[in-house]
Amino acid sequence: QENKSEVVVFSVPSYACQRRTTLENQNATLTDALSLLAENAELSGEDGRGVAFRRAAAVLKVLPSPVKSASQLAGLPCLGEHSLRVIKDILENGASSEVESTKESEQFKALKVLTGIFGVGAKTADRWIREGIHNLRQLRDSGHTLNRAQQAGLDHFDDIKQPVTKAEAAAIEEIVEKAVASVLPGVRVVLTGGFRRGKLTGHDVDFLITHPEEGREVGLMPKVVSWLEAQGFLLYQKTTRNSYLESKDGPGRPPSNIDRFERCLSIFKLTRMEKPAAEAPGDGAVNGVRADGQRESDELSRSEPAGAAADRRWRAVRVDLVVSPISQFAFALLGWTGSKLFERELRRWAGYEKAMSLSSHALYDNNQRKYLRASSEEDIFAHLGLEYIPPSERNA
Ligand code: TTP
Ligand code: MN
Ligand code: MN
Ligand code: MN
């Protein structure tokens with residue numbers, strides 16, 4: 001063997017949609033650091049920088065062993081100067097000063113808390129911060145009029161920030177299945193988002209709904225929502241109707257990542273699941289002190305008195321419902337399974353490498369000037385000239 005240094009040199013394809021990214025990650029310290037910088041960039045309106053950090057993190061996620069030295073990274077794609085500096089800092093000093101100072105910065109902490117309120121985006125949060133509002137207490141005291149989504153988000157803040165478990169997702173799936181079956185027989189409900197990728201927890205639960213006969217899905221959402229509302233399952237909902245047909249995203253236009261399906265962003269009222277006695281009162285937190293010894297930041301970021309949530313027999317859970325006609329189902333399923341970076345990379349691959357436009361509705365071939373049909377995710381990967389990647393390996 002020529003190389004006696006035993007340095008493992010990695011080789012990785014450029015696009016995340018060419019790679020198999022499982023939930024197993026040999027470089028979590030590095031990817032957590034880069035993800036934090038990505039989050040900070042996104043919350044600061046610097047989307048380009050955000051994507052660059054996300055791409056760099058995604059490359060490290062597929063490496064088969066922990067990175068020991070920066071020399072192993074030579075030739076890897078998507079590792080820009082900035083990301084490399086952060087990686088080297090961590091490898092050499094155990095931590096990145098930029099990551100540590102970002103974590104501690106008042107701006108970042110305030111952006112995290114405020115955008116953690118359902119219905120509050122980075123722009124609104126930034127405006128509030130410039131008015132001196134950094135936490136929930138200050139937001140309440142400011143007397144700002146909140147919209148219906150934000151008010152619901154504030155009311156259910158503690159519940160919504162708690163990760164949703166697989167068991168809770170399964171319980172909600174049963175409710176949604178019962179709802180659709182009651183209003184229209186033969187409807188198909190598919191759990192999408194992170195849970196379809198095999199994640200054990202999520203920030204919400206995502207469902208895609210369709211009917212095997214094209215057209216039967218029209219008008220379905222309002223009926224499903226009425227049923228759920230009548231049964232007392234909804235704390236909040238906002239339904240947006242399908243605007244695909246009237247949209248101006250014609251062929252050849254860069255498809256936006258925002259799709260136009262009829263959708264319902266909601267907050268479910270879910271009866272609490274029984275937890276093993278040893279785990280109560282939940283997630284290793286006893287009297288507000290977490291397993292890591294840190295006290296949960298109490299009244300500044302709390303929406304009800306400590307312990308009150310544990311006394312309730314229900315909790316609030318964010319749920320997204322999307323209805324797709326069967327002719328677009330494969331595209332909708334691929335689009336709503338994620339991860340967000342995987343989706344972005346699929347669209348980039350389609351555009352740059354194949355002169356095609358991919359959205360959650362369709363795939364258009366700009367050379368042949370026609371739409372390409374697909375009845376499964378496998379069909380779409382094949383059209384794109386990509387090896388099929390199953391959901392559990394789309395965790396880029
Ligand atoms: P999310 O629910 O935001 O993300 P997730 O399920 O991967 O992660 P988490 O466990 O934290 O919930 O989005 C799910 C997928 O839906 C994601 O791949 C992007 C897609 N999506 C759209 O296509 N259009 C949209 O408007 C939104 C909000 C998401
Ligand atoms: Mn992996
Ligand atoms: Mn989700
Ligand atoms: Mn979602």
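A residue is called buried here if 20 or more other C-beta atoms lie within 10 Å of its own, exposed if 12 or fewer, and partly exposed in between, with C-beta atoms placed from the backbone. On that count, 36% of the 396 residues of the protein are buried. This is a predicted model, so local features need pLDDT of at least 70 and side-chain atom pairs count only at pLDDT 80 or more, while totals for chains, interfaces and linings use all residues. Residues are numbered from 1 along each chain as its sequence is written, and chains are lettered from A and ligands numbered from 1 in the order in which they are written.

The protein has 16 helices and 10 strands. These are DSSP runs, H or I of at least four residues for helices and E of at least two for strands, numbered from the N terminus. Contacts are next: two residues are in contact if their C-beta atoms, placed from the backbone, lie within 7 Å. Of the contacts in the protein with a separation of 6 or more, 70% are between residues 24 or more positions apart.

Now the core. A nonpolar core is a set of buried Ala, Val, Leu, Ile, Met, Phe, Trp, Tyr and Cys residues joined through C-beta atoms within 7 Å. The largest one has 88 residues, and L34, A56 and V322 have the most contacts inside it. Not counting residues up to four places away in sequence, L34 touches F53, A56, A57, S83 and V86.

Next, a sheet. It is open, has 5 strands in the order β2-β4-β7-β6-β5, and its pairing is mixed. Two strands pair if DSSP finds at least two bridges between them. The edges are β2 (188-191) and β5 (234-240); each has a single partner strand, so one side of each is left without a neighbour in the sheet. Neighbouring strands are turned by 25° against each other on average, direction ignored. Axes for such angles are lines fitted to C-alpha atoms, for helices over the stretch in contact, and angles run from 0 to 180 degrees between N-to-C directions.

Inside the sheet, β6 (residues 262-271) and β7 (residues 314-323) run antiparallel and are joined by 10 bridges. L270 stands opposite R315 in β7. Helix α10 (residues 166-183) lies across β2, β4 (205-210), β6 and β7, at about 165° to β2.

Which residues come nearest to ligand 1? They are G193, G194, G202, H203 and G338, out of 16 around it. A residue counts as near if its C-beta atom, placed from the backbone, lies within 6 Å. The elements giving two or more residues to this shell are α11 (193-196), α14 (329-337) and α15 (340-354). S339 is in the loop between α14 and α15.

Two backbone items remain. Most residues other than glycine have a negative phi, and most peptide bonds are trans. C78 is not a glycine but has a positive phi of about 65°; C78 lies in the loop between α2 (47-61) and α3 (81-93) and is buried, with 20 C-beta neighbours inside 10 Å. R369 has phi near 50° and is found in the loop between β9 (363-365) and β10 (370-371). R369 counts as exposed, with 9 C-beta neighbours inside 10 Å.

Last, R20, in the segment before α1 (28-43). R20 and R394 are 374 residues apart along the chain, with their C-alpha atoms separated by 6.5 Å.
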